[in-house]
Amino acid sequence: MKGIKIIGTGMYVPETVAANEDYMKIVDTSDEWITQRTGIKTRHLSDGEPSWYMGAEAGRMAMENAGVSPDDIDLVLCTSVTGDYYTPATANIVQGKLGIEHAFSIDINCACAGFVYALDMARRYIATEDDVNTVLIVSPENITKLVDYTDRSTCVLFGDGAGAAVITAADAPFYSYLMANGYGADKIYAQSIRPGNAFTNREKAERFQELFPQGNEHYMYMAGNEVYKFATTKMPEALQKACEKAGFTPGDLDIIIPHQANYRIIQTAAKNLGLPLEKFYLNIERYGNISSACIPICLHELRGQNRLKPGDKVGLVGFGAGLVFGAAVFEY
Ligand code: ACO
């Protein structure tokens with residue numbers, strides 16, 4: 001099987017940092033509640049940087065880190081669910097800003113599992129298409145623009161930033177398992193502009209309004225408890241299935257990078273897998289939940305700390321709005 005290798009990574013986070021204490025000024029909350037229930041202490045918030053900018057900065061760093069030039073990139077995949085425009089795709093904008101001329105570019109909307117989905121897609125293109133050898137994945141998120149700052153149960157959870165990685169064809173094993181449960185689409189959502197035009201028959205249009213009625217305008221709604229239960233069962237399931245494909249067990253993994261949504265979710269997932277928490281890389285305390293950017297930022301930090309050694313078995317696992325979940329396992 002033609003496999004893939006991650007040869008470069010990058011990240012970008014905005015300068016502004018909000019601590020738990022800052023949220024106490026706008027909603028009825030406490031550092032103690034946020035720390036105990038989520039593990040989050042601080043998060044970076046966009047100072048107006050759009051998603052494309054954060055993606056381009058992280059992508060540039062990943063290309064430099066990999067030692068490749070824009071001409072080496074055959075495909076750009078962007079996993080942002082918080083793009084700046086309905087059209088064009090954020091991937092197209094990032095491609096242009098990075099001067100990548102001989103490539104095609106695609107957006108993938110798979111929320112917090114986006115980076116795992118993008119890796120899977122990169123591998124499939126690399127394995128089946130002779131003209132795709134090097135792929136740039138960018139995962140920028142401006143998720144705080146969807147946050148309702150009057151809703152204490154969601155506003156404290158999210159931050160902004162971007163991660164990126166350069167993937168190339170290699171004789172290295174890579175396995176992934178992806179799944180979606182669309183019946184749970186109403187468990188996390190943010191609504192776009194509603195359809196309608198100058199000639200819309202309002203009576204008829206009403207039939208289609210408010211498919212998912214909770215929440216406010218375009219703000220993010222989340223059924224926290226249900227997502228929590230989903231995550232603690234589906235993260236272990238995804239890792240187990242990906243490992244089965246690879247012919248080993250989750251216990252054989254040297255390091256696991258989980259989506260950083262809630263410290264307690266990761267703790268419970270580790271327990272359900274019968275694995276020590278030490279196998280899981282955590283940076284949620286510093287960044288909060290940055291949706292699809294979480295996993296590539298973790299990867300970049302681990303590489304920067306020289307914590308990944310050649311031959312290490314690495315597991316990535318994500319879940320999010322959709323509801324979607326997925327895992328990837330590979331040898332570093
Ligand atoms: N400060 C103080 N109290 C709070 C806060 C807050 N920030 N938020 C909620 N509470 C209160 C609630 O109002 C409730 O009070 P009540 O008992 O008087 O009604 C109490 O705390 C308990 O609320 P729960 O919702 O049961 O708290 P829980 O322990 O479940 O934590 C949380 C909530 C953190 C949202 C958790 O459910 C969670 O992490 N869910 C999963 C979120 C997730 O994984 N999202 C990822 C996907 S995001 C994406 O895809 C883009």
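Predicted model: local features only at pLDDT ≥ 70, side-chain atom pairs only at ≥ 80, totals over all residues.
User: What counts as a polar contact, and which backbone atom makes one with a nitrogen atom of the ligand?
Analyst: A polar contact is a pair of N or O atoms within 3.5 Å.

User: How far from an oxygen atom of the ligand are the polar side-chain atoms of R37 and N262?
Analyst: Both residues are among those that come nearest to the ligand. For N262, the distance from a polar side-chain atom to an oxygen atom of the ligand is 2.7 Å. For R37, the corresponding distance is 2.6 Å.

User: What share of the ligand's area does the protein bury?
Analyst: The ligand exposes 1,000 Å² when taken alone. Of that area, the protein buries 76%.

User: Where does the ligand sit?
Analyst: There are 25 residues around the ligand. By class, 13 of the shell residues are nonpolar, eight polar and four charged. The ligand sits in the largest pocket.

User: Why is the protein chain described as being as compact as a globular protein of its length?
Analyst: The chain has eleven helices and 13 strands. For 332 residues the globule rule gives 20 Å, and the chain is as compact as a globular protein of that length because its radius of gyration is close to this, at 19 Å.

Terms used
Residues numbered from 1 in each chain as written. Heavy atoms only, no water. Near = heavy atom within 4 Å. Polar contact = N/O pair within 3.5 Å; in protein donor to acceptor, adjacent residues only side chain to side chain. Areas by Shrake-Rupley, 256 points an atom, 1.4 Å probe, with all protein chains shown as cover. 1 Å grid on protein atoms, 1.4 Å probe; cavity = no way out; pocket = protein on both sides within 12 Å on 5 of 7 lines; lining within 4 Å. Sits in = over half its atoms within 2 Å of the grid points. Nonpolar A, V, L, I, M, F, W, Y, C, P; charged D, E, K, R; others polar. Helix = DSSP H or I, 4+ residues; strand = E, 2+ residues; numbered from the N terminus. Rg over C-alpha atoms; globule rule 2.2 N^0.38 Å.
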